[in-house]
Amino acid sequence: MPHSGICLKKLWISGGKSINMRKRAVALVLLLAMMLFVAAPAFAAVPANTIVVGNKGWDMDYAVLHGLVNQILNEIQAAGGRFIQYIADGVGIDSAKFEQALVAGTAPNLNDAQAAAAWAQANPPENLPAQITLYNEQNPNGTAVNTGAQVQLEVTSVKAVSAKALEVTFSKAVENTAALSFTVQRGTSPVVLDVSWNQAKTAATLSSSTNLVAGTYTVTVSGADFAEGKNGGSVTVEAQKVARIEFTSTVIVKTGTQTGTIGYKVFDQYGQDVTKETVAANIQWTASQGTATDINAGTITFNKGSDFAAGDSFVITGIDPASGTTVSATFTVGAEAVVQSLTLGEISLPGTNTRIFTGLNPAARIALTGQDQYGNVLSKYGDFNGKVTVVSSDSAVVATLTDKDGGNDGTRDAAITINTSGLTTAKSVTITVISNGTGRTASKTLEIVKPSAPATVSLTAPSGVIAAGDGVGTLVIPLTVQDQFGATLTADQVAAVASTAFTITSSNSSVIASNQLKIETTGANKGKLVNTAAISGTGTTTITVTVNETGRSDSITLTAQAARHVAQVSLPDTLVGNMLQGATQTFGVKFKDQYGADFVPTSNDGNYKVNVAITKVSGDDVGLDVTPKGDITDETSVVANNAFTLTADAYKTGTYTLTVKLINTSGETVSQASKTITVAAATSSLSYSIKDIPVLYKGAGSAASPYAEKVEVIATDASGNSYAINPSDILSITSDKTEAAVDSASRKVYGNNSGLNNDVTATITVVFNTKDDVKTLTKSVTVSSAGLAAQKVYIVDKAVDATNLKLATGTTEISTVNAVYESGSWSVSQAVYAGVLDQFGRVTQANASGKAHAVVAPTVTNMVNLTGNPTVSVDASTGEVKITLTGVDFAADKTSGSFRVVLTTPNGKVGYFNVQAIKK
């Protein structure tokens, strides 16, 4: 090839060939001629003898050997003639620059390797991608190669691609699209558009749900390192308009002796199909004879006005007045449309379903489309109604032609609705649609499965000790349930089938019986296995849960330990270790059982007693006293917060040890707890403040009300230690607002305006006598204008303390009671009481007179294996929930059953308990 450079120049300047032909000739000569040169590398990652077109590269020897030259030439032509030929590792000649050099007469002599290399070094390739796919003998399918080129990020174009969207194109793929932000303005007005990216991350589409208003849009992109001044662009958006109208055939499809239809499509200036959009709604149609009416977007109804005759032809013309766009064509009259082809398409499912389930109507809908003999697209219910027959391979599955919403109004997209309500087993069913006119068919096989249901279950052993006598709901066993598709069911899904999908057994009824276990359907333990009766005794039992449908099961073995008893005593953290002379404070004690769990004695345990005593460490004798002291034989009487009172002598000081002991019947100390209490005289270094006062209920009315709050003063030394004070040092307590009244004698503040409509903030002032002077302390308190509102419904085993509005000492919440049917009558195992907690922390017995917030409405639900109607009432004087079972009986062959009692307040708070019915 001694004259390749001369030939290239002659080809470029000759006028007898098209520019594409010239570029193909240039490409071919370069492709075959540039393989012999050697030069120093510029982009060392690109091997010699490589031609690069866009982001693809071919080894020249490989391309010639395997006949790929024409393919490469086609790639070059598609790329507008642009390519880069590498004459050595990383040194290449850019086709565009070389063509310019030919025109300018400065092209290098390609027979001179040094001249070619020098020219290539001085004119490095432009627009080289950072990565190419290289094809060679070792990688015939292509492998990624990094070229080493550094392409700086630029916005290369901003253009309107539809009436609702702009497209921003970048010079290279954006690695972190989330880091970029787009600011769009129409003139000076900001515009908010949604952003989406193409798969290559080289272009972002900024779209609106409505058409963009005409104007000039400026897009600015931030969040990356752009080439200077290359981070945005502008585009002028015109109002959407009709740009093209097309008829879909040249035949009037006959619908009657004088009428027929003609199909058409409308496109806007962006080439978008807008046939059904508002912009295309005003096209006016005329006919050379008769009338042409647009009765539906995309369909013209033609009426000749007399019967069609052989050879009839008509000119139909349409014009869009707004844009002036017209269309006109001559039409002949064809036969009535028949369904020539059918397609069963996308399957849509109701709700969140992901499969076609048995027992549903609708279970699925299948999109139906087709074409008539004229090539018109058929997609509406009316296109197929009376013209097709739908057949199901299983009579239990009904397939019906409907519109996409399940009706048959004729204006919606056609669909085949699948009704599986008569099918109870999973199977494959084939749906076939037959064209009555042509016999053409379309079929689709559906896999119909049973709805998601438990298939496997696994149990997780509960943590902690289980002991005889543990109450209802204390045994909690988490379940993991999976359906037949391997999906894990939620707690709600498990609860929904808890009573029917599982069988629960216990191998040792002396620990707990099978019928005393159930899967909870509400509350915090929803979907978990819980005990509905107390643990009966010690021993080992295996609890098994079986999925009824599949027979799959899982088991855990539990050992119930000896019944819990009080084993450890402690003092509360709230007990203050420093007291000023004359100060008082009250406290209770806390217990743990032999397993280290918190323990609240609910009745006297004769095996233990509590001893409380004060001993002097240093200082004055009898400077601190506790009442009561000595032996307390009933533990249930010492668990309240105010069971004991500590009193510091008004004139003595010293350090003392408060000791509380738990002693067994042998006189041995099983457990003890001590705290050092220091009684000190007030000093000048102490600072004083009023403790925070809770928000007050407006309707307390007096200091005797349970809603009244204590005004307490605390002393603090320089080290931050707190001291209980002598209450007699409080000289007075006043309030600056009548809505927050104060009783100095009891040192309480209370809300005193039941008709309050707005919250009131009052300032409480305490005059306090210290060692050095008399101090004035202040504290803000809010009186709420809100009425009492229920926060929780308690279901408990003791009546609420109606005087102090709190749960009675030793109260236990309950979730299940037993109702026993024996010798023709019912008895309930224990009394049940209800109380309502309000937003101020007080508990009112349910249905108490005049307490609207505490009214509860009882409902009986979840009846299992029982007939008849249990009745429930709540005693207004005690809050007791009374159950009447007159007329209630067991279902045939059943000896156990259950139901739930739900108590609901006016504001929707609920409490509930289960009644386990047993027949003896």
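**Strand pairing and a cavity**

A: In this predicted model, valine 902 has tyrosine 912 in β73 as its bridge partner.

Q: Which strand pairs with β73, in what sense, and over how many bridges?

A: Strand β72 pairs with β73 (residues 910-919) in the antiparallel sense, and nine bridges connect them. Five residues lie between the strands of this hairpin, where glycine 908 takes a positive phi near 90°.

Q: Which other strand is joined to β72, and by how many bridges?

A: Strand β67 (residues 857-864) runs antiparallel to β72, with six bridges between them. In this pairing, leucine 903 of β72 stands opposite proline 858.

Q: How many residues of β72 are buried?

A: As a general idea, side chains in a regular strand alternate between the two faces of the sheet. Here β72 (residues 896-904) is mostly covered, with seven of its nine residues buried.

Q: How many cavities of 30 Å³ or more are there?

A: In general, a probe the size of a water molecule is rolled over the atoms, and this shows where empty space is left. In this model there are two cavities of 30 Å³ or more. The second largest cavity holds about 40 Å³ of space.

Q: Which residues line the second largest cavity?

A: Its lining includes Ile466, Leu475, Val511, Ile535 and Thr541. By class, the lining residues of the second largest cavity are eight nonpolar, two polar and no charged.

Q: Which strands supply at least two residues each of that lining?

A: They are β39 (539-547) and β40 (553-561). The largest share, three residues, comes from β40.

Conventions: Residues are numbered from 1 along each chain as its sequence is written. This is a predicted model: local features need pLDDT of at least 70, side-chain atom pairs count only at pLDDT 80 or more; totals for chains, interfaces and linings use all residues. Side-chain values use heavy atoms; hydrogens and water are left out. On a 1 Å grid over the protein atoms alone, a cavity is a set of points where a 1.4 Å probe fits but cannot get out, and a pocket is an open set with protein on both sides within 12 Å along at least five of seven lines; lining residues have an atom within 4 Å of a point. Grid points are joined across faces, edges and corners, and a volume is the space filled by probe spheres set on the points. Helices (H or I, at least four residues) and strands (E, at least two) are DSSP runs, numbered from the N terminus. Ala, Val, Leu, Ile, Met, Phe, Trp, Tyr, Cys and Pro count as nonpolar, Asp, Glu, Lys and Arg as charged, and the others, Gly among them, as polar. Buried means under 20% relative accessible area, exposed over 50%, partly exposed in between (1.4 Å probe, protein chains only). Two strands pair if DSSP finds at least two bridges between them.
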